[in-house]
Amino acid sequence: MSNEAYRGTVELTVAQATIRFLSNQYSERDGVEHRLIPGAFGIFGHGNVCGLGQALLQNEINPAEGENEMPYIMPRNEQGQVHAAAAFAKTMNRMSTYMCTASIGPGSLNMVTGAALATTNRVPVLLFPSDIFANRVPDPVLQQLEDPRSLDVSVNDCFRPVSRFFDRINRPEQLIPSLLNAMRVLTDPAETGAVTIAMPQDVQAEVHAWPVEFFDKRVWHVRRPPAERAALECAAEAIRASKRPLIVSGGGTIYSEASQQLRDLATATGVPVSDTQAGKGAINFDHECAVGGVGSTGCDAANHLADEADLIIGVGTRYSDFTTASKTQFKNPDVKFVNINVTSFDAAKQSAIMVVADAREALTDLTALLDGYHVDAEYSERIKAEKESWSEKTRQCYHLDHGPLPAQTEVFGALNELMGDEDIVINAAGSMPGDLQALWQAKNPIQYHVEYAFSCMGYEIPAALGVKLARPESEVVAIVGDGTYQMLPMELATVAQEGIKVIYVLLQNYGFASIGALSESHGSQRFGTTFRQRGQGSHLEDEKTIPGVDIAANARSLGIDVIEAHGMDEFRQAYEKAHASDRATMIHIETDLMGPNPPNSSWWDVVVASTSTLESTQKAHAEYVEARKPQRHYL
């Protein structure tokens with residue numbers, strides 16, 4: 001089609017056209033609109049400073065007619081900015097996300113981990129890694145990876161396997177279909193994840209005559225696909241035929257905003273509801289049918305019921321190995337599955353009856369089809385007994401009075417009691433997600449924000465930034481281990497720079513508690529998991545903590561207020577002070593590296609060396625062989 005067929009054209013660089021286009025994109029579901037890309041993160045270098053950097057500056061100083069504001073935030077680390085964008089998108093139930101841009105070479109490549117996190121978690125992020133010159137005149141350009149097999153390869157090709165959509169803009173005209181497809185994927189509940197558009201630096205600055213229509217406001221409808229009637233009837237028939245059904249609710253329930261429909265189904269039928277890390281809070285913990293976390297990091301109540309369940313009803317879950325306890329959790333030899341999921345890929349798992357649909361729509365229809373059905377009285381009493389038993393264990397873990405250093409479960413208990421219903425707790429990796437899934441009593445879908453699909457150390461600090469941008473009215477509390485802190489603390493400076501009020505709880509235990517415990521239980525004696533000054537000979541002789549390392553002082557140097565608490569009484573006082581402050585604050589507390597942690601009633605497959613000269617490894621391997629015997633495909 002010729003340019004004359006359009007209303008007219010406007011001359012802009014590729015970068016300027018990108019920002020103008022993005023500023024006019026909206027998502028919509030149930031009649032509610034959101035800015036799809038409400039802001040930008042970016043770290044600039046020679047690959048983008050005069051391209052997307054110039055376009056963002058121009059948007060701020062002299063925006064074009066019809067161009068909305070695209071607020072820019074300067075982060076400190078390229079991986080961190082993607083984590084912040086993913087956390088924002090997760091909090092917004094995938095209806096909005098931030099764009100992220102970085103310079104060519106190492107800057108852009110730093111975003112790959114963040115892209116993998118977003119795609120694994122099924123949350124949208126929009127990435128613009130800068131690329132080598134399309135004209136290939138200054139070749140090789142600074143920071144260019146040269147591949148003698150093809151001159152078209154750059155480090156940005158690493159984004160292909162971790163992105164749901166990848167494209168490279170070698171000519172200005174390519175931007176139009178590329179951006180339209182990017183928006184399609186970002187707003188598709190079944191396809192969403194990282195969207196990556198590589199931008200050669202010369203193309204970013206190239207001028208093109210763009211059709212004005214390209215910049216019109218576009219509203220992308222986020223669909224709610226209904227369930228096929230025949231699939232729903234098969235699911236209902238399977239539920240009616242079951243004696244001990246159990247729902248496993250995942251993140252898809254929350255993203256679909258189907259919490260009320262989940263509660264309605266549970267109330268009407270008495271079917272117990274367990275949750276995954278991403279699904280915690282979809283049903284309030286004090287609902288009579290809520291039985292808590294299931295799987296390797298789950299609680300006794302859910303796991304005991306899962307052991308005997310003859311039907312598992314998965315809602316919006318991808319069945320990670322933690323949820324299934326590496327295919328050992330559902331021990332009933334006759335167990336069957338019904339899966340409600342917006343993606344057929346996940347709905348088909350465990351040889352299930354597939355209900356490919358939006359969770360809210362499917363749960364509504366399924367409740368109607370199950371009218372008159374209720375689990376029997378004996379099973380209801382069993383559910384009640386398991387809930388009461390675990391509630392008492394939770395109370396004990398929250399109030400251990402462990403000394404001389406508190407257990408981290410006591411810190412979690414204090415936070416669970418001190419934080420408000422609309423406040424948000426954040427965590428991602430180590431032993432803490434396991435304790436939190438087992439113990440945290442989530443009141444609603446907002447309160448619990450744990451990234452466990454990628455379980456990425458370093459997520460928590462930038463995530464707090466993203467979550468607070470999404471919900472400024474909530475108190476946002478990120479729990480950070482000292483190991484995670486040392487991997488990615490830089491966005492503390494961004495939080496201070498932007499005047500964003502968040503609370504960080506830093507647990508200092510001088511080691512990697514999770515991997516240390518895993519190593520010890522699998523015969524590797526906590527090797528390489530404690531922050532200690534190296535002794536003479538064996539690592540087992542290491543005793544002294546590393547001299548001069550002061551995380552509290554480091555956080556202060558980045559502009560964060562720090563309160564050092566000693567023991568739980570001081571921690572509670574510190575939280576009240578941090579809550580009352582209008583500044584970002586870190587509460588620093590030492591906890592016991594050795595736990596104790598909540599009782600465990602499940603398993604996780606971590607292979608032990610089958611031959612060893614170490615007695616500890618030999619013993620662990622024998623235990624491993626026995627533990628994996630229940631492992632099977634669910635057919």
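Guide: Accessible areas come from the Shrake-Rupley method with a 1.4 Å probe, and for residues only the protein chains shown count as cover. The protein exposes about 25,300 Å², and carbon and sulfur atoms supply 52% of that area. This is a predicted model, in which local features need pLDDT of at least 70 and side-chain atom pairs count only at pLDDT 80 or more, while totals for chains, interfaces and linings use all residues. Residues are numbered from 1 along each chain as its sequence is written, and side-chain values use heavy atoms, with hydrogens and water left out.

The protein has 23 helices and 23 strands; these are DSSP runs numbered from the N terminus, with helices being H or I of at least four residues and strands E of at least two. Its radius of gyration is 26 Å, close to the 26 Å that the globule rule gives for 635 residues, so the protein is as compact as a globular protein of that length. That radius is taken over C-alpha atoms, and the rule is 2.2 Å times the number of residues to the power 0.38. Along the principal axes, the C-alpha atoms fill a box of roughly 75 × 70 × 55 Å. Of the 635 residues, 58% are buried, meaning under 20% relative accessible area; exposed means over 50%, and partly exposed lies in between (1.4 Å probe, protein chains only).

Now the side chain. T269 is in helix α10, which covers residues 259–269. With a relative accessible area of 1%, T269 is buried. A polar atom of its side chain lies 3.2 Å from the backbone nitrogen of V271. A polar contact is a pair of N or O atoms within 3.5 Å; within protein, one must be able to donate a hydrogen and the other to accept it, and residues adjacent in sequence count only if both atoms are side-chain atoms. Neighbours within four places in sequence aside, T269 is in contact (heavy atoms within 4.5 Å) with L370, Y373, H374 and V375. In the protein as a whole, 76% of contacts between residues at least 6 apart in sequence join residues at least 24 apart.

As for the annotation, UniProt, in an unreviewed entry, places "domain: Thiamine pyrophosphate enzyme central" at residues 233–366. Over residues 233–366 the chain is 34% helix and 20% strand, and the end C-alpha atoms are 8 Å apart. Helix α1 (residues 14–22) is mostly covered, with nine of its nine residues buried, among them V14, R20 and F21.

Some backbone details remain. Most residues other than glycine have a negative phi, and most peptide bonds are trans. S351 has a positive phi, near 55 degrees, and is found in the loop between α12 (344–347) and β17 (353–356); its relative accessible area is 47%, so S351 is partly exposed. R122, with phi near 60 degrees, sits in the loop between α5 (112–120) and β7 (125–131). R122 is partly exposed too, at 21%. The peptide bond from G403 to P404 is cis, with omega near 5 degrees, and P404 lies in the loop between α14 (377–398) and α15 (408–418). The bond from G595 to P596 is cis with omega near 0 degrees, in a loop between β23 (585–590) and α23 (615–627) that holds P596.

Technical notes. UniProt positions renumbered as here; feature names shortened; annotations may be inferred.
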